[in-house]
Structures are given as C-alpha cells and as structure tokens.
Amino acid sequence: MEVVLNINDLTYENLFQNINLNIEKGKIISFAGCNNCGKTTLSRILDRKIKGNFNINLLGKDRDDYSLQEYDSLIQVVYPDQFNWIEETPYEEFQMKKIDTEKKEFLLKKAKELKILDKENQKLTRKESLWQQILLAIGKAKELVVIDGMDCYLTPKETEEVYYFLRECTKKWKQSFLITTTSLENTLLADELYILKEGEIILKGDPLTILQKDNLINKAGLKVPFMIDLSVKLRDYDLLKEISLEKETLIDNLWN
Amino acid sequence: MELVVKEYKRKEKSLSFTIKEKEINGLTGNHLEEILKIIKLNGEHNNQIEINHEKVNEKNRYEVKKKIIVIEEEWQEKSFGNTLEEIMIDQMKEYEIYPKNLEKKLKDSLKIVGLEPTLLTREFATLSQSEKKKFQISLGLLLNPEMIILIEPFKVLDQKNRKKLMMVMKKIKENFQKTIVIVSNDPNILYEETDHLIIYKNDKILVEGKTKELYQRVEFLKRHKVELPEIIEFIYYARKNKNAKIDYCVDIRDLIKDIYKHV
C-alpha cells in the first residue's frame, strides 16, 4: 500500500518523544489523546505552522522540498475554530478555489444537502462552518486532509455523519484523512487508531482491537465507548465469549 | 437560587418549570434557545418568573440578572484585552466588581478550575481548546454568581477533565449553595451528572423531575423520541426482551454485578 505521509521520530519540546506515524493512501486514521496532549500541535506541525527540523515525508519526498503551493495542493488542515472566509457564501468560496470539476460537483451536492450552500458565511453555525471547511479542504487537498479536534463542536451522531462522508471520499479519490479527537465514540469507523499519552504513542492499530485495552485507554484519560466497555468487562468475568457492538446481539448472547 | 416559571405564555403555549435550588439541573431538548431566553431573564417577564419566591419585575430584573451567569458553548469574542489577566479585569469592571485583593481573586479563580495561576500573563489566543473552556468557566466564577448555566460544557473536554469539572461544580453547589444548570443534548452526561432534569420539546416542557427516575420512564421517552442514556437503553431491552431481572443503574460496574447475579 502506498504511503502518503510518514513521520519519523518526531520529538518536539516536551510534547512528543520519538513519534512515528504512517498514513497510507485512502485510509482514515484517528489520533486520540486527552486535552493538551499535543493533538493541535501535531496538526500545526503538519500544516507547517510550527517550523523545525522534522523528518516528515510526503509521497516519499522530504516535505521541505515542496513549495508552499505544492504542499497546500496535497495537504490541508482544518481547525475547529479557525474559519477564514474570502467570499460571502460557501458557494462563492467553492467557485474561488481550483477544484477538479467532478469533485467540485460532488462537494457542492453535499453542501446543498447540508443547506449551507447559499447561506451567508457570517451566519453559519459552528457545525456548518466546520462542514464548509472540511468540504473545501477535501476539494483543495489531493492527498491528505487533517481535521483537528473534529468532535469539538459536533455531537457523536454528527461526527458519525462526517466519518461516513470521508469514507465516500476515500473510495472515490483515494484521499486520506487524519482526525484528531478526545472522544473515542466513533473511532471504530476509522481504519487505524492511535492513542497518545504523555508524548508517546501507547497504542496503535485496528480500532476494535485497540478499544479493548480499557485499562491503558483509561490511563490515557479517555473513555471507552459503552458497548465495547461493557463487552470487555463481561468477557473478563467469563460472562461473554466475544465482543458485541450491537446491544441486541450482546443481550442474546448473555441470556440465551 | 431557585427559579420558578409559572404559566409563561409562549407561542400560544404555556410553560411551567422549576430550576431547583442547590441542585445540578439538566436541560435538554430542541430549540433550547427559547427556554434559555426565559431563564436568562431576557424575555418578557410579566410576573411569571419567581426567583427565591420573589417575582421578577422591571425594577428588580437587572439586579437578579447579575446573579445568573451563562457559560456559552462557544467563546464570545469581545473587545477584551489579550492576556487572561486583562480579560478578567475587564469582565469584573463590566460587572462593577472590585475585590480588595485583586491578584488573589484572579489566581484563585484560575486555580478552582484547574488552571495554573502562571497563565494570567498568557495571551488568550495561545490557550488550547480545553484551557479556553476552563478559562471561560473561571471567568464566570469570578463574578460570584448564584446560578451558573453551562451550555454543552464537556464537548471539548476529555473524560478526566470532565470528571474534574463536575467535581468543581459539585463543590461549588455544596460549599457555596450555588445552583448549576447543565444544558446538553448528551443523555449519558445528563444521566450521570444531574439531579433534576427538564426536557423541552416542540415548544413545550415535555416532562421534568428527578433525573434518575425520569430516564426510567423509557416507553414514554421513546414515544416522544427522546434519546436515552446507553446504559438505560441496554437495561430496558434486556428486561423487555429477556425478562432479565436487572435494575436500572448509573455505573457500568453495578450493571455487571447485576448481570453476574442473574445470568
């Protein structure tokens, strides 16, 4: 599988110690950690807002070898509370950007479905602004979109909707996504989950496997989603053989 | 502070509800801005609102309003100064609060929410999401309100910080007899953290009462499309479909103990 981005031995101030992260083409990665663990700092490093001697490769090439314009056309970073508008409405913002026609139509369709297309930028809610930024970033970045703190202003249901949309994009254009979060609620929808604690990646891999490590997750200051938490604990008490994500199945397994 | 609303006329409907004194109240539902307007005393108030058994009128309204602080979900940018200290001082001036020992007051307000007093000289823009949220709360506490309304306070906070914040709120409630209102659409948080719950749906109060008892009225809540806490939903299905003899509870460990006994 082609690697879009790799971060090697990233060490930065007291936040990160020898962090390694590989993002493959067409994958969604969830990067979870407690407050102030450095999630936004990582996003800012990837956005080249924090400068330093980092070993970060984009499509196999040192990222410093890309011009700003080239880099921007490959990677975009979305922040939950930074909205930079040039035009009056999301529709006009889309028209201003250089986006492939087919992709633009697809993104505009989503914006229309969300009823934000012709709304004034100033009147968009946080949730709507975030959607607008995500759609624009998907349009602009050919390879990777980083969404920092996606769940800050979204409910778990709304976050789920974003994940499903990102999945469509990975299928259509093989785009990759890195989502930073403090909530593990929807991370099962990602391809890979990283858990950061005190500057180190303590867990990484398939989300369902990772989410079963409840002790380590709790120590990282995070909460295991209810159904997984319950299943794991029941399994530990020999009341259940397998993890169930659906309550009906879990209840059937327990009482049959 | 107890806030009682009696037959408040709104969109041809009449609203009655109580924000209980010295309790952690929960408020959930849709179009909550309507009901929040009433609680914040921003709507009409023709003797339909009572605070501590006293009717709110045009004369006392602004005095009472000063005792109610709303911690909004989003930071409301104003023309404050840049550092936390400057923002705090501006806020106190706005509310005409002049403490004897200003520095101590500012530092204590930060400490109570778990922020380092050294942050006073930091620029607000450099704070992380969670620090901004904690600072927003400390700014509210600085004004020594009688009622604190927190709108979706936990969205940017991790589990550990959520627990810490709730501990602070419980301490404030118990030690200083403050009334807390948590406005949220997360039933899990409301179930775990609140004592009294008001559900506002389609421009009316659907139901209000003790949170733990109220969430056990599953059939009623389902009929009105009210989202349930995950643990309640699980227990409800186990009782309904398997006749499982397990009791409604809040803590997942209690649920496991019950399952262990009855499976």
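The contact between the two chains takes 26 residues from chain B and 25 residues from chain A, two residues being in contact if their C-beta atoms, placed from the backbone, lie within 7 Å. On the side of chain B that touches chain A, at least two residues each come from α5 (129-141), α6 (159-176), α10 (230-242) and α11 (252-262) of chain B. Helix α10(B) gives the most to this side, with eight residues. By type, the residues on this side of chain B are 12 nonpolar, seven polar and seven charged. Here Ala, Val, Leu, Ile, Met, Phe, Trp, Tyr, Cys and Pro count as nonpolar, Asp, Glu, Lys and Arg as charged, and the others, Gly among them, as polar. Helices (H or I, at least four residues) and strands (E, at least two) are DSSP runs, numbered from the N terminus.

This is a predicted model, in which local features need pLDDT of at least 70, side-chain atom pairs count only at pLDDT 80 or more, and totals for chains, interfaces and linings use all residues. Residues are numbered from 1 along each chain as its sequence is written, while chains are lettered from A and ligands numbered from 1 in the order in which they are written.

Helix α10 (residues 247-255) of chain A packs against α10(B) at an angle of about 50 degrees, with the axes 10 Å apart. Axes are lines fitted to C-alpha atoms, for helices over the stretch in contact, and angles run from 0 to 180 degrees between N-to-C directions. The two helices α10(A) and α10(B) are therefore oblique to each other. Lys247(A), Glu248(A), Ile251(A) and Trp255(A) of α10(A) meet Glu233(B), Phe234(B), Tyr237(B), Ala238(B), Asn241(B) and Lys242(B) of α10(B). Five residues of this helix contact are nonpolar, one is polar and four are charged.

Chain B has 11 helices and 10 strands, and its C-alpha trace spans about 65 × 45 × 30 Å along its principal axes.

Confidence is expressed as pLDDT, the predictor's confidence in each residue, from 0 to 100.

| Chain | Mean pLDDT | Residues at pLDDT 70 or more |
|---|---|---|
| Chain A | 93 | 100% |
| Chain B | 89 | 97% |

Within chain A, confidence is lowest in helix α3 (residues 90-96), at a mean of 87, and highest in strand β7 (residues 144-147), at 98. The model scores ipTM 0.84 and pTM 0.88. Where pLDDT is low, the predicted coordinates should not be read in detail.

Technical notes. Angles under 35 degrees count as roughly parallel, over 145 as roughly antiparallel, 65 to 115 as roughly perpendicular and the rest as oblique.
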